[in-house]
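Morning, everyone. Please take a look at the chain on the screen, and then I'll walk you through it.

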Amino acid sequence: MTEYALAVDLGGTKVESALVDEHGAVLASSRHRRPTGSAASSEQLAAAVTGAVTDALAALPGEAHLAGAGIGSAGPIAGTTGDVSPLNLPAWRDYPLGALVADLLPRGLPVTLRMDGICITLAEIWTGAARGEENVMGMIVSTGVGGGLVLGGHVVTGRSGNAGHIGHVQVAGFVDLCACGARGCLEAVASGPRSVAWARTQGFTGATGEELAAAARAGDAAARAAVERSAAAVGRAIASASALVDLDVVAIGGGFSHVADDYIDHVQATVADHSDFGFVTSTRVVASALSGEGPLVGAAALVHRRDLVA
(Lines give C-alpha, C1' and ligand atoms only; values in the text may rest on other atoms or scores of the structure.)
Protein backbone atom coordinates (compact mmCIF):
# COMPACT_ATOMS: atom_id res chain seq x y z
CA MET A 1 0.00 0.00 0.00
CA THR A 2 1.40 3.38 -1.03
CA GLU A 3 1.82 5.81 1.85
CA TYR A 4 1.28 9.50 1.21
CA ALA A 5 1.92 12.64 3.18
CA LEU A 6 -0.13 15.76 2.67
CA ALA A 7 2.37 18.53 1.90
CA VAL A 8 1.48 22.21 2.34
CA ASP A 9 3.70 25.12 1.30
CA LEU A 10 2.63 28.59 2.47
CA GLY A 11 4.35 31.60 0.94
CA GLY A 12 3.92 35.28 0.34
CA THR A 13 2.11 34.92 -2.98
CA LYS A 14 0.53 31.45 -2.90
CA VAL A 15 -0.27 28.39 -0.87
CA GLU A 16 0.21 25.02 -2.52
CA SER A 17 -0.72 21.52 -1.42
CA ALA A 18 -0.15 18.03 -2.78
CA LEU A 19 0.20 14.39 -1.86
CA VAL A 20 3.78 13.06 -1.80
CA ASP A 21 4.67 9.38 -1.48
CA GLU A 22 7.34 7.77 0.69
CA HIS A 23 9.90 8.07 -2.12
CA GLY A 24 9.43 11.82 -2.52
CA ALA A 25 7.31 11.66 -5.66
CA VAL A 26 4.52 14.23 -5.96
CA LEU A 27 1.16 12.89 -7.14
CA ALA A 28 0.56 15.31 -10.02
CA SER A 29 -3.23 15.11 -9.92
CA SER A 30 -3.21 16.17 -6.26
CA ARG A 31 -1.26 19.40 -6.72
CA HIS A 32 -3.36 22.51 -6.11
CA ARG A 33 -2.62 26.13 -5.31
CA ARG A 34 -4.42 29.28 -4.26
CA PRO A 35 -3.23 32.90 -4.14
CA THR A 36 -2.26 34.51 -0.84
CA GLY A 37 -0.63 37.97 -0.89
CA SER A 38 0.11 40.78 1.53
CA ALA A 39 -3.32 42.37 1.03
CA ALA A 40 -5.28 39.21 1.87
CA SER A 41 -7.38 39.14 5.03
CA SER A 42 -7.10 36.40 7.62
CA GLU A 43 -10.34 34.87 6.35
CA GLN A 44 -9.11 34.91 2.76
CA LEU A 45 -5.85 33.24 3.74
CA ALA A 46 -7.69 30.56 5.70
CA ALA A 47 -9.99 29.95 2.74
CA ALA A 48 -7.01 29.64 0.40
CA VAL A 49 -5.33 27.05 2.61
CA THR A 50 -8.59 25.16 3.10
CA GLY A 51 -9.26 25.06 -0.64
CA ALA A 52 -5.79 23.85 -1.59
CA VAL A 53 -5.73 21.19 1.14
CA THR A 54 -9.26 19.95 0.45
CA ASP A 55 -8.56 19.60 -3.27
CA ALA A 56 -5.31 17.73 -2.61
CA LEU A 57 -6.94 15.31 -0.18
CA ALA A 58 -9.70 14.57 -2.68
CA ALA A 59 -7.07 13.06 -4.99
CA LEU A 60 -5.94 10.41 -2.47
CA PRO A 61 -6.17 7.04 -4.24
CA GLY A 62 -8.65 4.65 -2.67
CA GLU A 63 -6.04 2.02 -1.85
CA ALA A 64 -3.52 4.49 -0.39
CA HIS A 65 -2.73 5.36 3.21
CA LEU A 66 -2.44 8.95 4.48
CA ALA A 67 0.35 9.16 7.07
CA GLY A 68 -0.04 12.77 8.16
CA ALA A 69 0.66 16.32 7.05
CA GLY A 70 3.82 18.39 6.77
CA ILE A 71 3.65 22.15 6.45
CA GLY A 72 6.38 24.51 5.33
CA SER A 73 5.62 28.14 6.12
CA ALA A 74 7.30 31.42 5.40
CA GLY A 75 8.73 32.79 8.62
CA PRO A 76 8.71 33.73 11.33
CA ILE A 77 7.03 30.77 12.97
CA ALA A 78 6.41 30.06 16.66
CA GLY A 79 8.48 27.07 17.72
CA THR A 80 6.90 23.73 16.89
CA THR A 81 3.37 24.66 17.92
CA GLY A 82 2.04 25.15 14.39
CA ASP A 83 1.49 28.90 14.83
CA VAL A 84 2.83 31.25 12.15
CA SER A 85 3.46 34.97 11.65
CA PRO A 86 4.74 35.26 8.04
CA LEU A 87 6.38 38.62 7.48
CA ASN A 88 4.80 39.00 4.03
CA LEU A 89 1.29 38.01 5.21
CA PRO A 90 0.49 40.70 7.80
CA ALA A 91 -3.06 39.44 8.43
CA TRP A 92 -1.64 36.36 10.15
CA ARG A 93 0.16 36.96 13.44
CA ASP A 94 0.44 33.92 15.72
CA TYR A 95 -2.12 32.23 13.49
CA PRO A 96 -2.76 28.51 14.25
CA LEU A 97 -2.05 27.18 10.76
CA GLY A 98 -1.20 23.71 12.07
CA ALA A 99 -4.57 23.46 13.79
CA LEU A 100 -6.37 24.66 10.66
CA VAL A 101 -4.81 21.87 8.59
CA ALA A 102 -5.32 19.28 11.33
CA ASP A 103 -9.05 19.99 11.31
CA LEU A 104 -9.14 19.10 7.61
CA LEU A 105 -7.54 15.67 8.13
CA PRO A 106 -8.97 12.44 9.48
CA ARG A 107 -8.89 12.66 13.27
CA GLY A 108 -5.64 11.73 14.96
CA LEU A 109 -3.23 12.16 12.05
CA PRO A 110 -0.05 14.03 12.97
CA VAL A 111 0.68 17.51 11.61
CA THR A 112 4.24 18.88 11.65
CA LEU A 113 5.05 22.48 10.75
CA ARG A 114 8.49 23.95 10.15
CA MET A 115 9.86 27.02 8.41
CA ASP A 116 9.90 26.74 4.61
CA GLY A 117 13.68 27.04 4.47
CA ILE A 118 14.00 23.91 6.57
CA CYS A 119 11.69 22.10 4.20
CA ILE A 120 13.68 23.03 1.11
CA THR A 121 16.83 21.82 2.86
CA LEU A 122 15.21 18.49 3.70
CA ALA A 123 14.07 18.11 0.11
CA GLU A 124 17.56 18.64 -1.27
CA ILE A 125 19.02 16.05 1.13
CA TRP A 126 16.24 13.53 0.50
CA THR A 127 15.91 13.60 -3.29
CA GLY A 128 17.76 16.67 -4.56
CA ALA A 129 21.17 18.21 -5.05
CA ALA A 130 22.54 17.49 -1.54
CA ARG A 131 21.90 13.75 -1.28
CA GLY A 132 24.45 12.08 0.96
CA GLU A 133 25.52 15.33 2.63
CA GLU A 134 25.16 16.07 6.35
CA ASN A 135 26.03 19.78 6.65
CA VAL A 136 23.71 21.61 4.31
CA MET A 137 21.92 24.91 3.98
CA GLY A 138 18.98 25.13 1.62
CA MET A 139 17.96 28.55 0.35
CA ILE A 140 15.00 30.08 -1.41
CA VAL A 141 15.54 33.29 -3.39
CA SER A 142 12.14 34.44 -4.53
CA THR A 143 9.56 36.94 -3.25
CA GLY A 144 11.54 36.66 -0.03
CA VAL A 145 14.78 34.93 0.93
CA GLY A 146 14.59 31.93 3.25
CA GLY A 147 16.93 29.28 4.49
CA GLY A 148 17.26 26.21 6.64
CA LEU A 149 20.06 24.18 8.20
CA VAL A 150 20.82 20.50 8.55
CA LEU A 151 24.00 19.98 10.55
CA GLY A 152 25.45 16.62 11.40
CA GLY A 153 22.51 15.00 9.60
CA HIS A 154 19.82 16.62 11.75
CA VAL A 155 17.56 19.62 11.32
CA VAL A 156 18.47 22.67 13.39
CA THR A 157 15.29 24.46 14.44
CA GLY A 158 16.40 26.62 17.36
CA ARG A 159 14.37 27.77 20.34
CA SER A 160 11.76 29.63 18.27
CA GLY A 161 11.81 27.39 15.19
CA ASN A 162 13.46 30.08 13.08
CA ALA A 163 17.09 28.91 12.99
CA GLY A 164 18.57 29.22 9.52
CA HIS A 165 16.47 32.26 8.58
CA ILE A 166 19.31 33.68 6.51
CA GLY A 167 17.05 36.18 4.78
CA HIS A 168 17.30 38.34 7.89
CA VAL A 169 21.04 38.15 8.35
CA GLN A 170 22.67 41.51 7.65
CA VAL A 171 25.04 41.60 4.71
CA ALA A 172 28.11 43.83 4.88
CA GLY A 173 28.04 46.81 2.56
CA PHE A 174 24.26 47.18 2.29
CA VAL A 175 21.84 49.44 4.17
CA ASP A 176 18.53 48.68 2.41
CA LEU A 177 15.59 48.94 4.80
CA CYS A 178 13.90 45.58 5.40
CA ALA A 179 10.24 44.96 6.18
CA CYS A 180 11.39 43.39 9.47
CA GLY A 181 12.65 46.79 10.63
CA ALA A 182 16.37 46.20 10.24
CA ARG A 183 18.72 47.47 7.56
CA GLY A 184 20.94 45.46 5.27
CA CYS A 185 19.04 42.18 5.55
CA LEU A 186 19.74 39.74 2.73
CA GLU A 187 16.03 39.64 1.83
CA ALA A 188 15.93 43.43 1.51
CA VAL A 189 18.83 43.32 -0.94
CA ALA A 190 18.56 40.09 -2.90
CA SER A 191 14.89 39.11 -3.23
CA GLY A 192 13.14 39.42 -6.57
CA PRO A 193 10.93 42.42 -5.73
CA ARG A 194 13.74 44.30 -4.00
CA SER A 195 16.12 43.66 -6.90
CA VAL A 196 13.55 45.01 -9.34
CA ALA A 197 12.99 48.06 -7.13
CA TRP A 198 16.73 48.74 -6.95
CA ALA A 199 17.10 48.34 -10.72
CA ARG A 200 14.37 50.91 -11.24
CA THR A 201 16.44 53.45 -9.29
CA GLN A 202 19.20 52.80 -11.84
CA GLY A 203 17.03 53.39 -14.91
CA PHE A 204 15.35 50.02 -15.48
CA THR A 205 11.74 50.55 -16.57
CA GLY A 206 10.26 47.08 -16.00
CA ALA A 207 8.17 45.97 -13.05
CA THR A 208 8.68 42.22 -12.59
CA GLY A 209 11.42 39.68 -12.10
CA GLU A 210 10.60 38.17 -15.48
CA GLU A 211 11.08 41.54 -17.14
CA LEU A 212 14.32 42.05 -15.25
CA ALA A 213 15.60 38.67 -16.46
CA ALA A 214 14.70 39.47 -20.07
CA ALA A 215 16.34 42.88 -19.87
CA ALA A 216 19.50 41.44 -18.35
CA ARG A 217 19.72 38.88 -21.16
CA ALA A 218 19.28 41.68 -23.69
CA GLY A 219 22.20 43.62 -22.24
CA ASP A 220 20.41 46.21 -20.09
CA ALA A 221 23.16 47.46 -17.77
CA ALA A 222 20.85 48.32 -14.86
CA ALA A 223 19.11 44.95 -15.00
CA ARG A 224 22.40 43.09 -15.15
CA ALA A 225 23.77 45.10 -12.24
CA ALA A 226 20.71 44.19 -10.18
CA VAL A 227 21.23 40.49 -10.90
CA GLU A 228 24.88 40.66 -9.90
CA ARG A 229 24.04 42.72 -6.79
CA SER A 230 21.58 40.05 -5.64
CA ALA A 231 23.99 37.19 -6.31
CA ALA A 232 26.86 38.97 -4.56
CA ALA A 233 24.74 39.58 -1.46
CA VAL A 234 23.67 35.93 -1.38
CA GLY A 235 27.30 34.85 -1.73
CA ARG A 236 28.44 37.08 1.12
CA ALA A 237 25.71 35.74 3.38
CA ILE A 238 26.60 32.15 2.53
CA ALA A 239 30.27 32.75 3.26
CA SER A 240 29.41 34.24 6.65
CA ALA A 241 27.09 31.33 7.44
CA SER A 242 29.76 28.83 6.46
CA ALA A 243 32.31 30.57 8.66
CA LEU A 244 29.88 30.09 11.54
CA VAL A 245 28.69 26.50 11.04
CA ASP A 246 31.13 24.96 8.49
CA LEU A 247 28.80 24.10 5.62
CA ASP A 248 29.59 21.54 2.92
CA VAL A 249 26.83 22.40 0.43
CA VAL A 250 24.35 25.21 -0.11
CA ALA A 251 21.48 24.40 -2.48
CA ILE A 252 19.58 27.38 -3.89
CA GLY A 253 16.08 27.31 -5.35
CA GLY A 254 13.25 29.78 -5.79
CA GLY A 255 12.06 31.69 -8.83
CA PHE A 256 14.53 34.56 -8.67
CA SER A 257 17.51 32.18 -8.56
CA HIS A 258 16.70 31.56 -12.24
CA VAL A 259 16.86 35.24 -13.18
CA ALA A 260 20.11 34.60 -15.08
CA ASP A 261 21.84 31.46 -16.32
CA ASP A 262 24.99 32.37 -14.39
CA TYR A 263 23.30 33.45 -11.15
CA ILE A 264 24.50 30.42 -9.16
CA ASP A 265 27.98 30.73 -10.70
CA HIS A 266 28.15 34.35 -9.53
CA VAL A 267 27.10 33.32 -6.02
CA GLN A 268 29.79 30.61 -5.98
CA ALA A 269 32.45 33.05 -7.18
CA THR A 270 31.57 35.46 -4.38
CA VAL A 271 31.94 32.68 -1.80
CA ALA A 272 35.24 31.55 -3.31
CA ASP A 273 36.68 35.08 -3.14
CA HIS A 274 35.45 35.82 0.37
CA SER A 275 38.54 35.15 2.47
CA ASP A 276 41.63 32.99 2.89
CA PHE A 277 39.80 30.40 4.99
CA GLY A 278 39.56 27.25 2.92
CA PHE A 279 36.72 25.79 4.96
CA VAL A 280 34.65 28.82 3.94
CA THR A 281 35.67 29.23 0.32
CA SER A 282 35.37 25.49 -0.43
CA THR A 283 31.64 25.50 0.37
CA ARG A 284 29.86 24.26 -2.74
CA VAL A 285 26.93 26.29 -4.06
CA VAL A 286 24.55 24.34 -6.28
CA ALA A 287 21.21 24.94 -7.93
CA SER A 288 18.24 23.09 -6.53
CA ALA A 289 17.61 19.84 -8.39
CA LEU A 290 13.90 19.88 -7.57
CA SER A 291 12.47 22.73 -9.63
CA GLY A 292 9.12 23.91 -8.28
CA GLU A 293 8.42 20.71 -6.33
CA GLY A 294 11.10 21.28 -3.71
CA PRO A 295 8.97 22.98 -1.03
CA LEU A 296 6.29 20.28 -1.31
CA VAL A 297 8.81 17.43 -1.18
CA GLY A 298 10.43 19.05 1.84
CA ALA A 299 7.12 19.48 3.63
CA ALA A 300 6.41 15.79 3.02
CA ALA A 301 9.84 14.93 4.44
CA LEU A 302 8.55 16.20 7.80
CA VAL A 303 6.33 13.12 7.74
CA HIS A 304 8.37 10.57 5.78
CA ARG A 305 11.90 11.41 7.01
CA ARG A 306 11.59 11.54 10.76
CA ASP A 307 15.22 10.42 11.00
CA LEU A 308 16.26 13.90 9.88
CA VAL A 309 13.60 15.87 11.71
CA ALA A 310 13.72 14.28 15.17
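Let's begin with burial. Of the 310 residues in the chain, 54% are buried, where buried means under 20% relative accessible area, exposed over 50% and partly exposed in between, with a 1.4 Å probe and protein chains only. A word on the source: this is a predicted model, in which local features need pLDDT of at least 70 and side-chain atom pairs count only at pLDDT 80 or more, while totals for chains, interfaces and linings use all residues. Residues are numbered from 1 along each chain as its sequence is written, and side-chain values use heavy atoms, with hydrogens and water left out.

Now the overall build. The chain has 11 helices and 13 strands. These are DSSP runs numbered from the N terminus: helices are H or I with at least four residues, strands are E with at least two. The radius of gyration is 19 Å, close to the 19 Å of the globule rule for 310 residues, so the chain is as compact as a globular protein of that length. That radius is taken over C-alpha atoms, and the rule is 2.2 Å times the number of residues to the power 0.38.

Which residues of α8 are buried? In α8, residues 263-272, they are Y263, I264, V267, T270 and V271. Seen down the helix axis, they fall within an arc of 120°, so they line one face of α8. The arc is that of the directions from the axis to the C-beta atoms. The buried residues pack against β9, α7, β12, α9 and β13.

On to pockets. A pocket is an open set of points on a 1 Å grid over the protein atoms alone, where a 1.4 Å probe fits, with protein on both sides within 12 Å along at least five of seven lines; lining residues have an atom within 4 Å of a point. The largest pocket has a volume of about 960 Å³. It is lined by 46 residues, and I140, S142, T143, G254 and G255 are the closest to its centre. By class, the lining has 15 nonpolar, 23 polar and 8 charged residues.

The second largest pocket holds about 180 Å³. Its lining has 8 nonpolar, 3 polar and no charged residues. Helix α7 gives the most, with 5 residues. Among the lining residues are M137, L149 and H165.

For the classes, Ala, Val, Leu, Ile, Met, Phe, Trp, Tyr, Cys and Pro count as nonpolar, Asp, Glu, Lys and Arg as charged, and the others, Gly among them, as polar.

Definitions and conventions
Grid points are joined across faces, edges and corners, and a volume is the space filled by probe spheres set on the points. Contact means heavy atoms within 4.5 Å.
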